[in-house]
Amino acid sequence: MAVAADNPPAAVLGAATWTACGYGAAAQARSLRQGGAAPSTLSPEMAPGAAYAYHLLADAPAGLLEVLAPVVAAALDDAGLRGEARQACGVFVGSSSSTVAEAEQVFRGQLDDPAAVPLDAPGGHGRLPERLAEAVGLGGPRFYFGTACSSSANALLHAQRMIARGALDHAVVVGVERSNWLSLFGFDSLMLLSGGRGRPLDRDRDGLVLGEGVSAMVIGPDTPDAPWRLLGGASRVDTETPTNSSPESIAATIRAAMAAAAVDGDEITAIKAHGTGTPGNDLAECTGLRQCLGETLPPVTSLKGGLGHTMGACGIVEIAATMACVDAGFWPPSAGFRTPDPELGVTPVAAPVDLRHGRFLMNFFGFGGNNTACVIERHGD
Amino acid sequence: MATDGIPVRAALAREWPVSDAPENRRGELEALTGRRQRRISRFTQIALLGAVACVDEARARPAPETGLYMVSSHGDVGDSATMLETLYRGHQPPMPFDFINVSSNMAGFYVARELGLDGPNMMLARGTDSLVAALELLGDDAAHAPFLVGAVEAASWPPEVHRRRLQVAAGTPLAEASCWLWLDPGCARPVGHLRWLRRVGSPEAALQAAAATGDGGRLLLTLGEQLAAAGAMAAIPDGWARFAPEGPGYHEAGCARVLCRFLASGEPGTLLFLERHPLDRDYLAVCVTNRSSSA
């Protein structure tokens, strides 16, 4: 079932983004044209001698809200949302690790106290949108989405739905993920981390590299003035295994998303794959894409080699980055890609492709069988 | 929201008092589902106990495309805290399944698998009253397609830490909860109806609209935590009675307790749930009616 079936498109009215590639749309385009940011190397204090790659925000304050609030305010400003419209704007936050980074900072400072316990603070997942709304001055309905790596993509589809039925005039949709050891060591325990730089869709891919990202996008009712529109999308659960989606369920989700967006397969201009860089996930996604769209695909890319895997934030982070690249006149290369993998049957683009408008399929998959896809469109100038 | 409201095929509130040590619900769950659930967390056990029992109430199976919308203020906070403690104090990484299980939507995954669902699986939260957030998000969508909506709150130990987390006074009895609503527009014999959910400018407007909605039975009012704490509507309006079902203790699914208990009670009447967050200009009002008055 499509989350957003039969909805009118939503216009993208403004955006702001901060990733390892830098702050702002121009930084994303500049960096991703050249293959994206190189990850930093972290040496956690609890694992002496170990080193992990992580795509980090450069020169960012440590606090979650200190990064989040300015980005959201910038997106609202970019959309020109002021006064009453701003006050009534809905807040949709998608994240995987939620406030874990904050909790770790606090607990790290309490380790000398044997009675201290982690997460010993009021709040919960749902307090994050409340705190954000308070910081930025938003009074509309607030929602937290925790659907692993599809979180902010699902937040976007639901914001579109509420706007479509007239329950909201505007929504700011946020993807946020800050670095934390729990996620790093959790993925490490699953043996899903790359030993070096991520190489999504490459024959030699060996896992993912985590990334930080904070992005916000303001959407509203469709308008001919807006260059970008969210046409629609869908989300479905695959209950085969908790960590891997099957090609069939991925294909079913893409079909549902295209139906919701009223777009046929041959109308897709390019594909932004979820493309984590793990052997199994990339194989399932490429097989699902081929099942759905045939053997000859439009240009395919994964952004995670350049941005890192920003987990629950990747929906808005990667849509914003894609928009930045297309606005700059190109479809981004799949960072880290060197060698085609015959088993995938999909060769991603290795160099920027001239491209200024079209309809773009965006895939996002997460633990818990959460498969989400959507189609965005940029008008021709 | 549809004029006649959205039929509720089943409603159920399961709650358990929190004692000094966590009780494993595995046996209870095995008895309910008829099979052993492997490698799942207590949080998922609790989610399954409520969701499966709610569906069993209706003596029917949800259609595969039924959307699953689960809410939780804190999710699996106990296991998350344990993993952080182990990581920072014991320098031990999370065990793989422990890490997978604290993913916010993992309980929904197991509920979907148990019930054979392949529609959307969402995990949401909003301060207190997250269930209302899910209902607000769904809006009229639930008038056209079935949804299973549940609020799940698990405790963590020791309870005094969890009380601090929940900002309740020392000694306050705590509870865990798994409260579920099965919204099904195709149900011919619902236990009740979700009549409307709207943002209104004043309590009076909500009361007036709710009174005009029901067609018999008592008029019942429940204030959300924020309004109650602010001392709003200390005097109950004429013709209305407060609805405050007793529970085994405090959890953050109080709104879900109220809505599910009322719908499951069979008592003729109309229930208005009213809340206002300090950030909000308007009041958020939810009106449900049970079978007798909404047939």
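Predicted model: local features only at pLDDT ≥ 70, side-chain atom pairs only at ≥ 80, totals over all residues.

**Entry 1: a strand pair across the chains**

I began where the two chains meet. Strand β6 of chain A (residues 142-145) pairs with β3(B) in the antiparallel sense, over two bridges. I also looked up who faces whom: Tyr144(A) stands opposite Ala125(B), a residue of β3(B).

**Entry 2: the rest of the A/B contact**

How many residues of chain B are in contact with chain A? I got 55 residues of chain B, against 54 residues of chain A. On the chain B side, α3, α4, α5 (106-115), β3 (121-125), α6 and α7 each supply at least two residues. Which element of chain B gives the most to this side? That is α3(B), with nine residues. By type, the chain B side divides into 26 nonpolar, 16 polar and 13 charged residues.

**Entry 3: a closer look at α3(B)**

I checked the length of this helix next. α3 of chain B covers residues 77-90, and at 1.5 Å a residue its 14 residues should span 20 Å; the end C-alpha atoms are 19 Å apart, which agrees. Then I listed its buried residues: Val77(B), Gly78(B), Asp79(B), Ser80(B), Ala81(B), Met83(B), Leu84(B), Leu87(B) and Tyr88(B). What do they pack against? From chain A I found α4 (100-108) and α7 (181-189), and from chain B itself α2 (42-57), α4 (96-101) and α7 (159-166). Just after the helix, His91(B) takes a positive phi of about 55°.

**Entry 4: two domains in chain B**

The contact between them takes 33 residues from domain 1 of chain B and 25 from domain 2 of chain B. On the domain 1 side, the elements giving two or more residues are β1 (6-17), α6 (130-138), β4 (147-153) and β5 (175-183) of chain B. β1(B) gives the most there, with nine residues. That side of domain 1 divides into 23 nonpolar, five polar and five charged residues.

**Entry 5: chain B as a whole**

I zoomed out and counted the secondary structure of chain B: eleven helices and ten strands. Its radius of gyration is 19 Å, close to the 19 Å that the globule rule gives for 295 residues, so chain B is as compact as a globular protein of that length. Along its principal axes, the C-alpha trace of chain B spans about 60 × 40 × 30 Å. Of its 295 residues, 58% count as buried. I looked at contacts in chain B with a separation of 6 or more too: residues 24 or more positions apart account for 78% of them.

**Entry 6: one serine in chain A**

Last stop, Ser95(A), which sits in the loop between β5 (90-94) and α4 of chain A. Is Ser95(A) buried or exposed? I count 32 other C-beta atoms within 10 Å, and 20 or more is enough to call a residue buried, so Ser95(A) is buried. Leaving out residues up to four places away in sequence, Ser95(A) touches Gly146(A), Ser151(A), Val176(A), Glu177(A), Gly312(A) and Ala313(A). I also checked Leu138(A): 43 residues from Ser95(A) in sequence, and 19 Å in space, C-alpha to C-alpha.

Key. Residues numbered from 1 in each chain as written. Chains lettered and ligands numbered in written order. Contact = placed C-beta atoms within 7 Å. Helix = DSSP H or I, 4+ residues; strand = E, 2+ residues; numbered from the N terminus. Nonpolar A, V, L, I, M, F, W, Y, C, P; charged D, E, K, R; others polar. Rg over C-alpha atoms; globule rule 2.2 N^0.38 Å. Buried ≥ 20, exposed ≤ 12 C-beta atoms within 10 Å, placed from the backbone. Expected span 1.5 Å × (residues − 1). Pairing = 2+ DSSP bridges.
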